[in-house]
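Please look over the sequence and the model below before reading on.

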Amino acid sequence: MFGGLLSWVIWLPILGGIIVLATGSDERAPLARKLSLAFSILTFLISIPLYTGFDTSTAAMQFGEKSIWVSTFSIYYHIGIDGISMPLIILTTFLTVVVVIAGWEVIKEKTAQYMAAFLIMEGLMVGVFSAIDAVLFYVFWEGMLIPMFLIIGIWGGANRIYATIKFFLYTLLGSLLMLVAFLYLYHQSGSFNILDFHALPLGMTAQTLLFIAFFTAFAVKVPMFPVHTWLPDAHVEAPTGGSVILAAIMLKMGGYGFLRFSLPILPDASHELATIVIALSLIAIVYIALVALVQQDMKKLIAYSSISHMGFVTLGFFIFSGQGIEGGMVQMISHGFISGALFLCVGVLYDRVHSREIASYGGVANTMPVFAAFMMLFAMANAGLPGTSGFVGEFLVILAAFKVNIWYAVLAGTTLVFGAAYTLWMYKRVIFGEVANDDVAALEDVSPREILFLSLLAAMVLIMGLWPYPFLDVMHATVDQLVTQVNTSKL
Amino acid sequence: MELNIQPILPEIFICAMACVILVLDLYLKPERRTIAYVLTVMTLLVAAGLYWQDFATGSAVYLNGMFIKDRFSDVVKIAICLLSLLVFVYSREYIKARDLFLSEYFVLGLFAVLGMMVMVSAGHFLALYLGLELLSLSLYAMVAFQRDSSVATEAAMKYFVLGALGSAMLLYGMSIIYGLTGSLDISVVRGIVAAQAAPDNVILVLGLVFILVSLAFKIGAVPFHMWVPDVYHGAPTSSTLFVSTAPKLAGFAIIIRLLVGGLEDLHFMWRDMLIVLAVLSMLLGNLIAIAQTNLKRMLAYSAISHMGFMLLGILAGTPNGYSAGLFYGLVYTFMGLGGFGIVVLLSRAGYEADELDDLRGLNQSHPWYAFLILIFMFSMAGVPPTLGFFAKLSVIQAVIDVELTWLAVIAVLFTVIGAFYYLRVIKLVYFDPPAVAAREISATADLRVLLSANAVALVLLLPMVGPIQEMCTQAIASVVGAF
């Protein structure tokens with residue numbers, strides 16, 4: 001059952017998490033840290049063959065494994081990856097290494113539990129991206145909430161309990177409606193296989209209701225306007241590592257859900273309701289960008305910027321062209337790196353000054369020149385500067401939007417202005433100018449450990465910006481098939 | 001007709017052992033009362049073994065139609081034996097610390113088990129009633145066991161009055177059905193009812209309503225749930241453990257025997273009645289649980305809402321639905337056992353640990369027990385990866401299968417509401433600072449090990465969900481297939 005490579009990528013970190021958990025008390029924290037690093041690096045290494053061994057010429061599921069789980073409901077342990085899920089899996093395994101390094105010295109209490117939560121979550125997230133059986137997908141999708149709930153609740157900020165319960169209940173409500181949709185599809189098709197769902201003919205009413213159920217689940221996760229309010233709360237209160245995983249990977253699950261379920265299973269309802277989704281995406285892009293502009297708290301600002309950028313993703317998906325979907329996918333991966341990096345930058349400052357307020361800083365460049373350079377790169381990438389990964393996805397989506405409706409493109413294009421405005425204005429207030437206070441004057445520049453994780457992310461941002469071909473190539477065949485599916489009516 | 005006692009040998013064994021322990025107690029010095037405890041545990045173990053060894057493959061009727069032995073009865077009986085066994089192990093230290101470590105406790109427990117066995121196998125209204133009363137009378141006494149506690153006495157009084165009312169309703173319903181059909185044998189009744197089933201048959205409807213009300217009383221479904229929180233709260237936790245687990249399964253079994261075995265042709269009537277009971281139970285159970293500050297009361301309301309979910313499976317009226325209900329019942333009883341097991345684990349002499357605030361910051365001092373609570377709570381909330389999720393999945397699947405999608409959506413919404421109070425327990429355990437500086441847990445090794453196994457099994461049994469559900473399907477098939 002657990003023989004294949006993909007299974008190892010799922011279960012090795014979970015096993016690692018349990019072993020780390022067993023090291024127990026804080027006296028053995030150094031051991032817990034080293035074990036976690038070892039397991040996360042090992043997982044990343046064994047996930048690389050998923051990329052190198054990936055056949056880019058086919059849209060079929062690869063590295064597949066299938067064995068019966070619950071025969072009475074024909075539920076299978078069925079996993080496999082295609083061009084949409086593979087990049088997200090690599091993103092997950094890569095960022096977990098970064099998060100483990102980032103939490104190395106910062107987390108002083110209950111280190112073993114913290115590290116174990118991230119490792120277990122890594123396995124569950126990879127499971128979400130590779131499950132082909134709907135129930136298996138749901139088990140991973142919901143299971144993942146538990147470690148995140150604990151991460152925010154235990155190691156979070158002052159208002160963490162409100163934030164984490166809000167986070168849990170919002171996502172649970174969405175997910176359970178998705179579960180009902182799964183059961184309905186099972187009732188119709190007699191199978192929980194997602195690929196069978198793709199082929200299932202469905203009437204318009206059923207499609208519309210199912211679309212609403214799926215939309216609730218994924219829109220909460222993305223999050224889309226107007227169900228985005230849990231995100232700023234969760235982000236602000238989460239510890240740095242939690243924010244990174246939340247922004248970089250969990251939000252992507254909403255986007256992934258649209259591509260895996262909504263578009264191919266419900267093509268007609270998707271077309272019918274696309275205008276609404278696009279309208280909500282454009283509201284997110286423009287309105288949330290304006291909200292980001294007035295934030296006083298750096299983490300909140302980046303959280304709102306995430307919502308605005310994820311608006312691009314949903315916009316790209318619901319244009320139903322290869323360009324739009326690929327643009328959305330690239331935007332998801334790129335945003336994973338950039339938002340992760342920005343949260344880590346805020347974390348670096350917070351660990352020193354213990355404030356996230358923009359007003360507590362000023363002139364940081366004088367005391368932390370290396371850090372300022374790194375943050376410059378990430379800020380520019382967030383604003384969508386050509387040559388960074390942020391540009392590629394936004395450019396593709398705007399291009400695709402132009403072909404459908406010029407106003408979509410114009411409104412989406414405003415983000416290039418607003419994005420630059422809120423990111424660079426924050427950067428200016430924090431980094432430039434005179435040294436603002438004694439705290440800033442006493443700052444020490446980044447340590448080798450911090451340089452390590454920042455440069456890992458900087459490298460990815462630049463590689464993706466300058467040479468996006470490898471990223472686009474792997475998803476090409478799958479996206480082509482998806483475009484065919486979504487443009488073929490089931491009625 | 002030759003009397004074949006072979007199939008009821010385990011019941012005879014339990015009855016004999018209960019009497020033996022009762023007599024033996026006369027000659028036991030108080031400090032050697034552990035012998036009675038060991039004998040009780042052995043009895044249940046041996047009984048489970050006897051059922052296992054003589055596991056039924058089909059369905060057979062014995063003792064002039066009084067006693068049914070089928071796969072369903074054996075599955076439920078083995079579960080009842082194991083649950084009661086765990087209850088006795090969990091509660092040993094608890095009752096010792098409160099001077100309740102008396103042989104009568106074990107004897108009452110064994111008689112209750114015997115009553116449940118008779119109920120589960122009942123093929124005749126009288127046998128069913130006999131079993132139910134044996135169970136109920138033992139439970140009243142167990143709830144009142146701490147006789148110097150006024151709360152426990154009040155709880156027992158309430159339980160007794162309402163329970164007697166429930167039993168009376170059952171008798172009345174049965175007598176109406178008897179008047180209509182002229183038989184007390186459930187399989188004969190089935191045949192006659194099938195011929196008379198019509199919505200305008202007022203007398204039949206009346207009989208059905210009385211039977212249904214009494215069943216709702218026994219499992220504690222809204223609006224017949226009033227006794228549940230008071231009894232769960234007032235009884236010593238050891239008795240709450242017993243009341244809240246195995247009898248629920250036995251209650252499920254008599255619902256199957258009566259509604260499915262006897263009155264299945266009235267499904268079009270009892271379906272809507274059960275929908276009302278299920279929706280109200282989920283609504284009230286989940287909402288009122290939010291307002292509780294006492295862990296035992298909270299778990300009581302949670303039990304009410306779980307009964308609502310279990311009813312979802314039954315009201316679907318398909319073999320698939322019944323087996324989902326059985327699966328739900330099995331999973332729930334083991335979760336409920338764990339939930340009250342936690343209360344027993346944390347309590348010690350003179351300290352009940354049943355307030356929610358007593359759980360504050362448990363993760364600081366006892367991360368492993370905190371983790372057990374985490375598993376129990378998420379499993380009750382129905383969040384994967386736990387068995388609780390699969391239980392909810394199968395009942396919701398069953399109602400969608402019969403095109404009651406709106407009911408599935410309602411169930412799902414109540415699950416979200418329910419998640420809130422389970423999350424609050426986890427919040428207390430994990431996120432809050434400890435309330436008591438040094439917390440001692442004086443539990444014995446067997447309690448620690450079994451409770452841990454109980455919790456971990458809720459996750460580790462996931463790969464086994466298939467075979468367990470298969471077993472439930474076959475058990476139900478042996479009931480449904482017998483007609």
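By class, 13 nonpolar, three polar and two charged residues make up the lining of the largest cavity, where Ala, Val, Leu, Ile, Met, Phe, Trp, Tyr, Cys and Pro count as nonpolar, Asp, Glu, Lys and Arg as charged, and the others, Gly among them, as polar. This is a predicted model, in which local features need pLDDT of at least 70 and side-chain atom pairs count only at pLDDT 80 or more, while totals for chains, interfaces and linings use all residues. Residues are numbered from 1 along each chain as its sequence is written, chains are lettered from A and ligands numbered from 1 in the order in which they are written, and side-chain values use heavy atoms, with hydrogens and water left out.

The largest cavity holds about 190 Å³ of space. Of the 18 residues that line the largest cavity, B:Leu139, B:Tyr159, B:Lys218, B:Trp227 and B:Pro247 are the closest to its centre. A cavity is, on a 1 Å grid over the protein atoms alone, a set of points where a 1.4 Å probe fits but cannot get out, whereas a pocket is an open set with protein on both sides within 12 Å along at least five of seven lines; lining residues have an atom within 4 Å of a point. Grid points are joined across faces, edges and corners, and a volume is the space filled by probe spheres set on the points. In chain B, α5 (125–143), α6 (150–181), α8 (202–219) and α11 (246–262) each supply at least two residues of the lining of the largest cavity, and α5(B) gives the most, with five residues. Helices here are DSSP runs (H or I, at least four residues), as are strands (E, at least two), and they are numbered from the N terminus.

A search of the whole structure finds six cavities of 30 Å³ or more. The second largest cavity contains about 60 Å³ of space, and of the 14 residues that line the second largest cavity, the closest to its centre are B:Asn286, B:Phe309, B:Met380, B:Lys392 and B:Tyr422. Its lining draws at least two residues from each of α13 (295–315), α16 and α18 (405–431) of chain B, with α18(B) giving the most, namely six residues. Eight nonpolar, five polar and one charged residue form the lining of the second largest cavity.

The largest pocket, by contrast in kind, is an open space of about 1600 Å³. Its lining counts 47 residues, of which A:Ile14, A:Ile18, A:Ile120, B:Phe371 and B:Val459 lie nearest the centre of the pocket. Both chains take part in this lining, with at least two residues from each of α1 (5–22), α4 (111–130), α5 (134–143) and α6 (145–155) of chain A and from each of α15 (362–365), α16 (367–381) and α19 (445–460) of chain B. With eight residues, α1(A) gives the most to the lining of the largest pocket, and by class that lining has 38 nonpolar, seven polar and two charged residues.

Turning to the aromatic rings, the structure holds 54 aromatic pairs over all chains. A:Phe211 and A:Phe215 form one stacked pair, at 6.0 Å centre to centre and with 15 degrees between the planes. Rings of Phe, Tyr and Trp (its six-membered ring) pair if their centres lie within 6.5 Å, and planes under 30 degrees apart count as stacked, over 60 as edge-to-face and the rest as tilted. Because A:Phe211 and A:Phe215 are four residues apart in helix α9 (residues 204–221) of chain A, they are separated by about one helical turn. A:Phe211 counts as buried at 3% relative accessibility, and A:Phe215 counts as buried at 17%, where buried means under 20% relative accessible area, exposed over 50% and partly exposed in between (1.4 Å probe, protein chains only). A:Phe218 and A:Phe261 also form a stacked pair, at 5.9 Å centre to centre and 20 degrees between the planes. A:Phe218 lies in helix α9 of chain A and A:Phe261 in helix α11 (residues 240–265) of chain A, so this pair ties together parts that are 43 residues apart in sequence. One aromatic cluster includes A:Phe211, A:Phe215, A:Phe218 and A:Phe261, and among its other members are A:Phe137 and A:Trp141.

Two single residues remain. A:Asp268 lies in helix α12 (residues 267–293) of chain A and is buried, with a relative accessible area of 12%. A polar contact of 2.7 Å joins its side chain to that of A:Ser489; such a contact is a pair of N or O atoms within 3.5 Å, of which, within protein, one must be able to donate a hydrogen and the other to accept it, and residues adjacent in sequence count only if both atoms are side-chain atoms. In chain B, B:Ala152 is found in helix α6 and is buried, with a relative accessible area of 0%.
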